[in-house]
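Please look at the sequence and the model below before reading on.

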2 protein chains.
Amino acid sequence: MHIAREDAIVSAVNRLLAEKGFEAMTVDEVAAEVGIAKASLYKHFPSKEDLAAAAMVRVMDRARAFLDTLDAQRPPLEQLREVARWTMAVQLAGEMPSLPSENSSLRAALTTNKAYVDGLMDVSDRLGAWITAAQADGSLNSALPPIAVLYTLYARACDPVLGFLKGAGLYSNEQIIDMVLSTCFDGLRKR
Amino acid sequence: MHIAREDAIVSAVNRLLAEKGFEAMTVDEVAAEVGIAKASLYKHFPSKEDLAAAAMVRVMDRARAFLDTLDAQRPPLEQLREVARWTMAVQLAGEMPSLPSENSSLRAALTTNKAYVDGLMDVSDRLGAWITAAQADGSLNSALPPIAVLYTLYARACDPVLGFLKGAGLYSNEQIIDMVLSTCFDGLRKR
DNA sequence: GTCTATAAGTGGATAGAC
DNA sequence: GTCTATCCACTTATAGAC
């Protein structure tokens with residue numbers, strides 16, 4: 001009923017955000033995709049920003065659920081690689097919302113959304129633990145500040161290289177992910 | 001006179017595109033920054049897309065001019081590294097237009113703009129030659145298709161990691177560029 | 001809660017005088 | 001070529017009936 005409908009709304013928002021981004025997505029489209037009137041949407045979510053925030057909260061929840069499935073016994077660098085693989089798979093599946101990274105009304109709305117911020121903090125803490133562990137065991141470059149590693153991993157979720165390579169039409173999704181994983185962890189230089 | 005004014009227009013467009021992106025930039029803002037009426041703008045450029053295309057053509061010209069300054073005697077991998085460094089410096093200086101990479105009216109306008117396409121092809125050809133040379137001399141990972149390397153380098157021009165690290169406020173522009181250069185060419189894994 | 005209808009505002013583009 | 005003034009399509013958001 002109520003929850004199911006809001007779930008359908010968030011699904012539509014998530015898909016449209018992945019396809020066109022926040023600015024190009026219109027509330028009319030969301031309502032049309034859900035099959036309800038626009039005014040009804042606003043009974044569930046008070047603004048377009050809140051719609052996008054709800055989609056981001058869901059993605060963050062999906063990420064945390066994925067982290068829960070990982071085998072805690074495996075080496076930390078492997079965990080990080082699996083996380084990067086997952087984010088790229090989500091993006092290639094057309095399920096990763098694409099948001100403006102700066103100077104937007106959406107940024108302010110997101111930073112004041114407790115559910116989103118809490119989720120982001122949780123994910124960052126878990127990744128941060130693996131990063132420091134991987135640097136301690138010598139598998140990750142210790143010259144890089146952990147924050148730079150964290151951002152580099154987050155950036156895989158919106159890497160335009162995935163879309164470019166997909167557009168080239170020469171490689172499967174798995175090949176694309178493997179190539180970008182290679183550039184991310186092994187670098188362009190020959191090992 | 002005419003040329004100087006159009007140059008001022010393109011400069012304003014370039015700055016606003018770097019600051020806010022194509023969709024968030026309004027033609028009113030461009031006119032206000034140049035100090036002329038909006039209708040006058042449209043005497044010089046027939047559409048907002050053409051404004052952005054002109055900015056992209058200028059960036060492409062700047063890139064080609066930079067390529068001309070490189071010492072052709074140096075190893076190809078060094079050339080590629082210098083190109084990546086340059087694109088990141090331009091971005092950090094707030095002079096790199098940020099455009100939607102897909103599904104936009106702008107994409108169509110750009111692909112039919114001969115000056116832009118020619119410039120892009122020229123740059124791609126020059127980078128492509130260095131890429132294959134670097135793979136031949138063993139300095140660049142030969143398992144990666146050259147197109148994947150090319151896109152990876154292009155992506156440095158719009159890498160959100162630069163802005164994230166700048167926002168952290170802990171590092172200088174030079175440090176940020178060196179870190180991202182390291183992750184790009186050497187990878188996250190320990191060497 | 002859902003709907004139709006519309007308010008309120010914005011942005012790209014243009015008409016027409018000078 | 002530049003200006004003022006305006007048009008028109010579109011978008012977010014809301015009012016009010018059911």
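Is the crossing of helix 5 of chain A and helix 10 of chain A left-handed or right-handed? In this predicted model, the crossing of these two helices of chain A is right-handed. Helix 5 of chain A spans residues 76-92 and helix 10 of chain A spans residues 173-186, and their axes come within 10 Å and cross at roughly 135°. Helix 5 of chain A and helix 10 of chain A are therefore oblique to each other. On the side of helix 5 of chain A, the residues that meet helix 10 of chain A include Leu77(A), Leu80(A), Ala84(A), Met88(A) and Leu92(A), while among their partners in helix 10 of chain A are Ile176(A), Ile177(A), Val180(A), Leu181(A) and Phe185(A). Sorted by class, the residues of this contact are 11 nonpolar, 1 polar and 3 charged.

**Other helix pairs**

Two packed helices are described by the angle between their axes and the distance between the axes.

| Helix pair | Angle between axes | Distance between axes |
|---|---|---|
| Helix 5 of chain A and helix 10 of chain A | roughly 135° | within 10 Å |
| Helix 1 of chain B and helix 4 of chain B | roughly 90° | within 9 Å |
| Helix 9 of chain A and helix 8 of chain B | about 145° | 9 Å |

In chain B, helix 1 covers residues 2-20 and helix 4 covers residues 48-69, and with axes that cross at roughly 90° these two helices are therefore roughly perpendicular to each other. Their contact is made by residues including Ile9(B), Val10(B), Val13(B) and Leu17(B) of helix 1 of chain B and Leu51(B), Ala55(B), Arg58(B) and Val59(B) of helix 4 of chain B. This contact of chain B has 9 nonpolar, 2 polar and 2 charged residues.

Pro160(A), Val161(A), Phe164(A) and Leu165(A) from helix 9 of chain A meet Ile147(B), Ala148(B), Tyr151(B), Thr152(B) and Ala155(B) from helix 8 of chain B. By class, this contact between the chains has 8 nonpolar, 1 polar and no charged residues.

**How the chains are related**

Chain A is superposed on chain B by a rotation of 180° with 0.0 Å of shift along its axis, and the RMSD is 0.1 Å. That is the relation of a two-fold axis. Within chain A, the C-alpha nearest this axis belongs to Gly187(A), which lies 1.8 Å from it. The same surface serves both copies, as 100% of the contact residues of chain A recur in chain B.

**Annotated stretches of chain A**

An unreviewed UniProt entry lists residues 3-63 of chain A as "domain: HTH tetR-type", and over these residues the chain is 80% helix and 0% strand, with end C-alpha atoms 21 Å apart. UniProt also gives, from an unreviewed entry, a "DNA-binding region" covering residues 26-45 of chain A. Over residues 26-45 of chain A the chain is 75% helix and 0% strand, and the end C-alpha atoms are 14 Å apart.

One residue to look at here is Val34(A), which lies in helix 2 (residues 27-34) of chain A. Leaving aside neighbours within four places in sequence, Val34(A) is in contact with Ala8(A), Ile9(A) and Ala12(A).

Terms used
Residues are numbered from 1 along each chain as its sequence is written. Chains are lettered from A and ligands numbered from 1 in the order in which they are written. This is a predicted model: local features need pLDDT of at least 70, side-chain atom pairs count only at pLDDT 80 or more; totals for chains, interfaces and linings use all residues. Side-chain values use heavy atoms; hydrogens and water are left out. Axes are lines fitted to C-alpha atoms, for helices over the stretch in contact, and angles run from 0 to 180 degrees between N-to-C directions. Helices (H or I, at least four residues) and strands (E, at least two) are DSSP runs, numbered from the N terminus. Angles under 35 degrees count as roughly parallel, over 145 as roughly antiparallel, 65 to 115 as roughly perpendicular and the rest as oblique. A crossing is left-handed if the near helix is turned anticlockwise from the far one by less than a right angle, and right-handed if clockwise. Contact means heavy atoms within 4.5 Å. Ala, Val, Leu, Ile, Met, Phe, Trp, Tyr, Cys and Pro count as nonpolar, Asp, Glu, Lys and Arg as charged, and the others, Gly among them, as polar. UniProt positions are given in the numbering used here, feature names are shortened, and annotations may be inferred rather than shown by experiment. Copies are superposed by least squares on the C-alpha atoms of residues with pLDDT of at least 70 in both.
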